[in-house]
Amino acid sequence: MRLTVLPRVAAAAIALAGAAPASAESVVVTAARMLDVDKGAIVSDPVIVVTDGRIAAVAAGGASRPAIPADARRLDLGDVTLVPGLIDMHVHLTSLAEIGGYQTLKYTDSFWGAVSVANAAKTLRAGFTTVRNVGAADFQDIGLKEAIDGGWVIGPRIVPAGYAIGATGGHCDDNALPPSYDKKLPSVVNSPEEARAKVRWLHKYGAEVIKICATGGVFSLGDSVGGQQLSEEEMRAIADEAHMLHLKVAAHAHGDEGIKAAIRAGIDTIEHVSLASDEAMKLAIEHKTWFDMDIYNDDYILATGTKNGTEQESLDKEKAIGLKQRQTFQRAFRMGVAMTFGTDAGVYPHGDNARQFAKMVQWGMTPLDAIRAATTSAARALGREADVGTIAVGRYGDMVAVRGDPLRDVSVLEHPVAVVKDGVEVK
């Protein structure tokens with residue numbers, strides 16, 4: 001029998017009302033099975049004690065039960081398999097796949113911050129308890145993070161980027177309107193000095209990761225999807241400044257020259273990576289650079305065509321690189337490039353993030369490889385392995401319950417029966 005746990009929103013309201021601070025609260029989570037992602041094995045009868053949102057003790061497979069506080073709440077999830085809270089390294093919570101292209105101009109600027117609240121809830125209920133939001137206008141992802149962390153709205157733990165940095169006329173600029181509507185986006189830079197200053201500005205206002213656009217893209221107009229747009233010197237200035245501030249850097253990069261320049265410049269993760277050569281993959285291995293490849297969304301983009309406002313130019317770009325990207329993914333994995341799980345949610349509907357697991361298995365990974373990409377590997381790429389990625393002492397009490405064995409059928413992750421964040425079941 002499940003115990004109803006006080007939602008964080010309600011807890012925040014009590015605190016604001018002036019109630020005395022509560023003593024440390026513990027929750028004991030039990031289930032039939034648990035995936036130990038480090039060992040790659042399913043263990044039986046896990047008992048997980050979460051105190052003040054962090055895991056205080058874990059026992060499973062007949063091991064001695066941990067000490068349980070007498071007043072601990074109980075959360076028995078029944079005949080399910082627990083996996084660690086999932087991590088999506090590439091989302092856009094302030095975007096909607098259902099509204100694209102010039103259709104976006106029908107909506108006022110604040111609309112996108114409003115719908116991000118619903119997108120965050122869908123993402124969390126889909127089992128993704130941590131996400132990296134790589135680009136949002138007006139610092140909306142940082143505001144959303146603050147609202148979630150404060151208990152005002154429901155959503156995953158967010159690592160926000162704020163604006164994505166790019167070149168004039170590039171993927172991170174706005175090329176949809178004529179010169180009479182010219183507006184230089186705050187994210188645009190045109191020299192290493194400007195790039196370095198932009199990192200400082202983003203950090204000042206809450207960015208926890210820096211996102212750059214190293215090459216053209218599918219959904220930007222008037223550019224080549226693979227053409228390099230930031231110089232290697234500009235990318236190196238960004239990486240150096242970010243690393244000095246203890247921030248990591250993610251580079252949108254489809255084309256091979258831009259990918260190699262980003263790796264040489266010290267960028268931490270390369271996003272999309274559609275046209276990477278074997279040389280680029282060898283560089284990535286040498287520099288310990290992560291590849292973060294969104295290989296599911298091609299299905300959605302091609303299936304919906306121009307219905308959602310996608311321009312034919314963008315659709316043509318996707319047709320040209322979609323299959324190549326999946327073939328690149330397969331080659332990169334076989335060569336031993338470090339891989340994480342990133343979906344580009346917002347290009348397809350939020351909440352469908354877990355559909356990518358099956359696609360990763362189809363293109364060469366085992367189910368365990370794909371799950372690790374969204375747990376232990378993603379945590380390392382974020383530099384937050386002490387907080388997320390495994391069900392282990394010291395980590396946040398983030399878990400997803402699924403029916404069946406995800407090591408045999410990874411698609412069970414598409415249908416979570418329960419999601420727990422900070423030891424609290426998401427309703």
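Predicted model: local features only at pLDDT ≥ 70, side-chain atom pairs only at ≥ 80, totals over all residues.

Mentor: Start with the surface: the accessible area of the protein comes to about 17,300 Å², and carbon and sulfur atoms account for 53% of it.

Trainee: How many helices and strands does the secondary structure come to?

Mentor: The protein has 12 helices and 20 strands.

Trainee: What does the radius of gyration say about the protein?

Mentor: The idea is to set the value against that of a compact globule with the given number of residues. For 427 residues that would be near 22 Å, and the protein has 21 Å, so the two agree. The C-alpha trace spans about 65 × 50 × 45 Å along its principal axes.

Trainee: Which share of the residues counts as buried?

Mentor: Buried means under 20% relative accessible area. In the protein, 55% of the 427 residues qualify.

Trainee: Now the helix. Which residues of α7 are buried?

Mentor: Helix α7 covers residues 278–287, and its buried residues include Ala280, Met281, Leu283 and Ala284. These four lie on the same side of α7, because their arc around the axis is only 160°.

Trainee: What does the face turned away from the buried side carry?

Mentor: That face of α7 has the exposed residues Lys282 and Glu286.

Trainee: Against which elements do the buried residues of α7 pack?

Mentor: They pack against α6 (256–265), β16 (290–292) and α9 (312–335).

How values were computed: Residues numbered from 1 in each chain as written. Heavy atoms only, no water. Helix = DSSP H or I, 4+ residues; strand = E, 2+ residues; numbered from the N terminus. Rg over C-alpha atoms; globule rule 2.2 N^0.38 Å. Buried < 20%, exposed > 50% of the residue type's maximum accessible area, 1.4 Å probe, protein only. Areas by Shrake-Rupley, 256 points an atom, 1.4 Å probe, with all protein chains shown as cover. Arc of directions from axis to C-beta. Contact = heavy atoms within 4.5 Å.
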